[in-house]
Amino acid sequence: MVRPNVIVVGAGLAGLTCARLLHQAKVKVRVLEASDGVGGRVRTDAVEGFLLDRGFQVFLTAYPEPQRWLDYKALDFQRFFPGALVWRAGRLHKVADPFRRPLQAAAHAFNRVGSFADKLHILDLRQQSLAGSVEDVFHRRQKTSREYLRDVGFSEEMVEAFLRPFFAGIFLEKELRTSSRVLEFVFRMFATGATAVPAKGMGALSMQLAAKLPVGAVKLNAPVEEVWGHRVRLASGEREEADAVVVATDAPAAEELLPGMPPRRMNAVTCLYFAAPEPPVRGPYLVLNGEGRGPVNNLAVMSEVAPAYAPAGQALVSVSVVEPVDAPETLEARVREQLTEWFGGAVEKWRHLRTYVILHALPAQPPESFAEPHRQVRLSPGLYVCGDYRENGSIEGAMVSGRRAAEALLRDRELPLP
């Protein structure tokens, strides 16, 4: 039985998962990565002793696909509080998961974040999202997330104070135009597992995947400029041939490499990191802007979640801005001004570490984007494509897509699945 050799273009989660399965099937695989490290959008930078994820990200331990590929114990997941703190009416209010923290949920049932009836509708949302299988969720009738939340019965106050900033931080769009299928899937994951980060940063996910590939299988600083047939041309002018090629880039890069690929709109996010002498919030909380004004959508003190994110005696504050940034040169000042209202003059002592402007952070996922719950991964004989935009915009979606591309290739070659 002749085993093919395969080129995977892109070492993000989709490409690494694809390469892992091909390697398990004893296929010779080479991964060509344009940047200086693996992970794509899931990378972590070490800056002055701090660990900075490239954009605020979390891992949902209930994702089905990563459980097949990742060693959770080795990643040493550090968990967020199941709920959030919401800034509203001049102070922070706690919203707790009634199933995980029933006493705290009861204690805060009548706070300024929605009505008591709204708190009960959280249970309705949970029940609907848990009905059927995960696959069933992506075949249900759909509408926008805003319409869905309205139909569940949530008040406009609850949507604006809690649900909109919460889901905006996930979908990276504030109008909640994202498909209700995605909302139900995400809420199901939140309800059935932990929200966490690896102890050494989100990039540990990518590093662990890559570590299972043969030495030398991943070639960094190797941007591909052209794909045709089973061949690729690198920016250096070098040409490489294989029996099959898998394009595992993000959607915009795939559109450049593969003529005729339908364009996919992407949502952007800006993430600012600050070093603080003291944490503005004690505890592993997600903090939401429940007032709808100012640039900040959400923040987290990452060192309160995972201590290794900051050197001893310092705190790392991550701030996410979801709306388009019209004046980037003044963004830091505007963020500081808003957070000074929340946490007082101590914000002046925060030291800005880095700002990440991520233009192609996540594929937009309106209802019309799910005409096919699973988009085709086989474009032509020997040419395949994968990425989160082929499934759903999540770590789960990226890894499922990578697996599906590898499985399609193996079936086409009449090779057994490992």
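Does L172 count as buried or exposed? With a relative accessibility of 13%, L172 counts as buried, a class that requires under 20% relative accessible area, where exposed means over 50% and partly exposed lies in between (1.4 Å probe, protein chains only). The model is a predicted one, in which local features need pLDDT of at least 70 and side-chain atom pairs count only at pLDDT 80 or more, while totals for chains, interfaces and linings use all residues. Residues are numbered from 1 along each chain as its sequence is written, and side-chain values use heavy atoms, with hydrogens and water left out.

The protein as a whole contains 14 helices and 21 strands; these are DSSP runs numbered from the N terminus, helices being H or I of at least four residues and strands E of at least two. The C-alpha trace spans about 65 × 45 × 40 Å along its principal axes. For 418 residues, a compact globule would have a radius of gyration near 22 Å, and the value of 22 Å for the protein agrees with this; the radius is taken over C-alpha atoms, and the globule rule is 2.2 Å times the number of residues to the power 0.38. Of the 418 residues, 57% are buried.

L172 lies in the loop between α8 (156–171) and α9 (180–192). Most residues other than glycine have a negative phi. L172, although not a glycine, has a positive phi of about 60 degrees. L176 is found in the loop between α8 and α9, and its phi is near 60 degrees, a positive value in a residue other than glycine. L176 counts as buried because its relative accessibility is 1%.

β15 (266–276), α13 (331–343) and β19 (351–363) each supply at least two residues of the lining, and β15 gives the most, with six.

Strand β9 (residues 195–198) is covered on both faces: T195 and V197 on one side, and A196 and P198 on the other, are all buried. In a regular strand the side chains alternate between the two faces of the sheet. Strand β5 (residues 59–60) pairs with β9 in the antiparallel sense over two bridges, pairing being defined by at least two DSSP bridges between two strands. In this pair, L60 stands opposite T195. Strand β6 (residues 77–79) is joined to β9 by three bridges and runs antiparallel to β9, with V197 as the bridge partner of Q78.

Elsewhere, three strands form an open antiparallel sheet in the order β11-β12-β13. β11 (224–228) and β13 (239–241) stand at the edges with a single partner strand each, so one side of each has no neighbour in the sheet. Strand β12 (residues 231–234) pairs with β13 over three antiparallel bridges, and R231 has E241 in β13 as its bridge partner.
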